[in-house]
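These are my notebook entries on one protein model.

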Amino acid sequence: MKGIWIIVHRTFARERRISNVSYFEHSGLQQDFCRSNKFKEFQTTKYPDKKIVIITCMDTRLLELLPKAMGLRNGDAKIIKNAGAIVSHPFGSIMRSILVAIYELKVEEVCVIGHHGCGMVGLQSSSLLDAAKQKKVSQEQIDVLTNSGIDLSKWLSGFQCVEESVTNSVRLIENHPLLPDSIAVHGMVIHPETGKLDRIIDGYSENVQKRNTYSIKEGAIK
């Protein structure tokens with residue numbers, strides 16, 4: 001594993017040498033924001049007012065569109081973003097963040113929101129690795145990762161259907177052993193052009209079904 005960290009260190013060092021221009025350093029926006037007290041309108045607590053955590057895609061089109069489409073303001077929700085709004089591992093960082101939101105930040109609902117036209121649809125690891133090589137990542141570096149037991153083909157691949165991907169993520173969250181039964185887990189897909197939200201999975205109705213199932217089981221046990 002030592003070889004992996006050497007690669008990471010070299011990559012960051014190379015990027016620092018190449019990137020001499022910083023948007024934040026040269027724009028002056030941050031200093032103006034603080035001096036003019038513009039931050040005051042965004043002040044809130046760490047607890048989401050609407051008690052919801054959203055897992056969505058990092059697509060730039062959703063940056064302002066998604067909160068507007070859902071009627072969210074600063075402080076209303078916890079928002080977790082990655083490529084594709086994918087929850088792929090029950091003990092990965094996304095699932096950990098969800099559990100922290102529930103147990104430490106008083107969240108009561110989870111919503112996975114994918115979007116149409118997602119770049120993860122049809123993504124193949126081969127094309128991404130080819131692009132990495134064009135950015136001067138050597139085959140040797142790729143081989144080190146592969147020989148260390150990392151399945152790059154699986155890790156760097158996307159999905160074929162956004163609705164199916166959202167459903168898979170919802171099921172993984174719902175079935176997590178540390179998720180309380182009271183938490184509703186929803187699945188939605190947003191249109192990045194219009195902001196229209198299509199509901200794929202209604203966490204409220206599924207929670208009712210769960211409670212009914214438990215009641216029947218408890219009655220049978222009694």
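**Salt bridges**

I searched the whole structure for salt bridges and found six. I note at the outset that the model is predicted.

I looked up Asp32 and found a salt bridge with Lys38, in which the closest N and O atoms are 3.3 Å apart. Asp32 counts as partly exposed because its relative accessibility is 33%. Lys38 is likewise partly exposed, with a relative accessible area of 40%.

I turned next to Asp198, whose side chain meets that of Lys196 in a salt bridge at 2.4 Å, N to O. Asp198 is partly exposed at 22% relative accessibility. For Lys196 I recorded a relative accessible area of 48%, so this residue is also partly exposed.

I then examined Asp202, which forms a salt bridge with Arg199; the closest N and O atoms are 3.5 Å apart. Asp202 has a relative accessible area of 21% and is therefore partly exposed. Arg199, at 59% relative accessibility, counts as exposed, since the cut-off for that class is over 50%. I also noted one network, in which salt bridges with shared partners join Asp59, Arg61 and Glu193.

**Aromatic rings**

My search of the whole structure for aromatic pairs gave one. I also looked at Tyr47 and found Lys106 over the face of Tyr47, 4.7 Å from the ring centre.

**A loop residue**

I located Gly119 in the loop between β3 (109-115) and α6 (125-134). Gly119 counts as exposed because its relative accessibility is 58%. From C-alpha to C-alpha, Gly119 lies 8.1 Å from Ala83, although the two are 36 residues apart in sequence.

Key
Residues numbered from 1 in each chain as written. Predicted model: local features only at pLDDT ≥ 70, side-chain atom pairs only at ≥ 80, totals over all residues. Heavy atoms only, no water. Phe/Tyr/Trp six-rings, centres within 6.5 Å; stacked < 30°, edge-to-face > 60°. Lys NZ or Arg CZ within 6 Å of the ring centre and 35° of its normal. Helix = DSSP H or I, 4+ residues; strand = E, 2+ residues; numbered from the N terminus. Buried < 20%, exposed > 50% of the residue type's maximum accessible area, 1.4 Å probe, protein only. Salt bridge = Lys/Arg side-chain N within 4 Å of Asp/Glu carboxyl O.
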